[in-house]
Amino acid sequence: MSFKNISITPGWEKYMTKEYQDLVERGPYGKQKKVSEMGSFKEVLEEHPMCAGCAMTLFIRLTMVGLPNPEHTILIGTAGCGRLALTQTSIPFIYGNYGDTNAVASGLKRGLEIRFKDQAKDVVVMAGDGGLADIGFSGVMHSWFRKERFTTIMLDNEVYGNTGGQESGMTERGALLKMAPKGKMFDKMDMIGLAQTSGVAYIARLTPTNPTRVASVVRKAVLIAREVGPTFIQAYTSCNIEYAIPTPKVMDDARDIESKRYGFMEIISDEAKAYLESIEPAKKVKK
Amino acid sequence: MYLVAHIDQAICSETACRLCTQYCPEANTILYDNAAKTAFVAVDRCKGCEICVGICDDLAKHHAIKMIMINDLESPFELSKEGFHPEKWDGKHP
Ligand SMILES: Cc1ncc(C[n+]2csc(CCOP(=O)(O)OP(=O)(O)O)c2C)c(N)n1
Ligand code: SF4
Ligand code: SF4
Ligand code: SF4
Ligand SMILES: [Mg+2]
């Protein structure tokens, strides 16, 4: 929960695993690493059992690079594929029951603000479309209405991937899935519109086609949530298993879906924009 | 036997664009050797998805990555054995 906690007590180095030592010495702590430096620093994500070529895995990997202060961050996840990797990071992870993520995050963030008055702690929920738009829906909405200061990242693979292909509220109308054999009969939920209605301070929708952009969106979302209010990222992270995408074509699919319907968009409140400009005055903040 | 990604360092080091490592879904799998100016693959981490091949062929247009049988590698680099030590790499992991 801080670099001090992660550092090895002198004399105990030889008892720690190589992976841990590498992380302390060559990890992304202290100064935020850039996407262009990937491959040259030790990432916080370790080996995990997510499928080969999964775009969600890539998105999680890039998210970890985007975190402004990994040593002061707590991740919250739940049932669904993403937690298979999220539990293998060196960032504290809390497993909220399916549906509970945003309630857990609300209490946690409030508690952290009381406990650590002089050190900002970031809380980031990462969960699936089923976890956030279906079963956790009311928790998500209420955390937004209450203006809870944490980031919600939806890993939107447009299906219940972990349980074998049921449709979710975020599945496209007409999509054929193993457990939606006649095709989904309803439209994809407009979570971006709902986020706007409930006053989310920063909203972004994107795909993993541009790694630098993913990291920059995550960074903005986490910084704004720290001080201003709730932030929401909806990320297309295809499930190559349930949508039968050959793994070499996963990025082609992401580019295709991005250009046809998913796009890249950001909505930022005036207050959030002013806050970003106040902490990063040197850089020009995009609208 | 299974396929893993293999980078031709002679081609890669001409530009060393570092694009493949940004798109590999697996963390610390395509590593970057600063001294030899080339990317290389930690084969124990590679899941064989071929995303990097498409990135190098179509986006970078360098055609430096091929999928090859793991047994055919001459000196495979395994992160779990060697640890993460960029200062030691220096072109030693073709
Ligand atoms: C309360 C509860 N209901 C149902 C489940 C079973 N379950 C586990 S994962 C999952 C679906 C996950 O879908 P999504 O949230 O979209 O994540 P994905 O696996 O697609 O990333 C379900 C229904 C559960 N773990 N808990
Ligand atoms: S089932 Fe789908 S979403 Fe889950 S890890 Fe596999 S490819 Fe990714
Ligand atoms: S994309 Fe190709 S040329 Fe660029 S770093 Fe990777 S292997 Fe080298
Ligand atoms: S084949 Fe897939 S897992 Fe292996 S190095 Fe390439 S992108 Fe990474
Ligand atoms: Mg899903």
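Guide: In chain A, helix α9 (residues 211–227) packs against helix α11 (residues 270–279) at an angle of about 105°, with 10 Å between their axes. Helices here are DSSP runs (H or I, at least four residues) numbered from the N terminus, and axes are lines fitted to C-alpha atoms over the stretch in contact, with angles from 0 to 180 degrees between N-to-C directions. α9(A) is therefore roughly perpendicular to α11(A), a label for 65 to 115 degrees. This is a predicted model, in which local features need pLDDT of at least 70, side-chain atom pairs count only at pLDDT 80 or more, and totals for chains, interfaces and linings use all residues. Residues are numbered from 1 along each chain as its sequence is written, chains are lettered from A and ligands numbered from 1 in the order written, and side-chain values use heavy atoms, without hydrogens or water.

On the α9(A) side, the contact (heavy atoms within 4.5 Å) involves Lys220(A), Leu223(A), Ile224(A), Arg226(A) and Glu227(A), and α11(A) contributes Ala272(A), Tyr275(A), Leu276(A) and Ile279(A). By class, this contact has 6 nonpolar, no polar and 3 charged residues.

Now for the ligands. Around ligand 2 (a heavy atom within 4 Å) sit Met50(A), Cys51(A), Cys54(A), Cys81(A), Asn157(A), Cys239(A), Asn240(A) and Ile241(A). That shell has 6 nonpolar, 2 polar and no charged residues; Cys counts as nonpolar here. In chain B, ligand 3 has a shell that includes Cys12(B), Cys17(B), Cys20(B), Cys56(B), Arg18(B) and His62(B). Its residues divide into 9 nonpolar, 1 polar and 1 charged.

Technical notes:
Helices (H or I, at least four residues) and strands (E, at least two) are DSSP runs, numbered from the N terminus. Angles under 35 degrees count as roughly parallel, over 145 as roughly antiparallel, 65 to 115 as roughly perpendicular and the rest as oblique.
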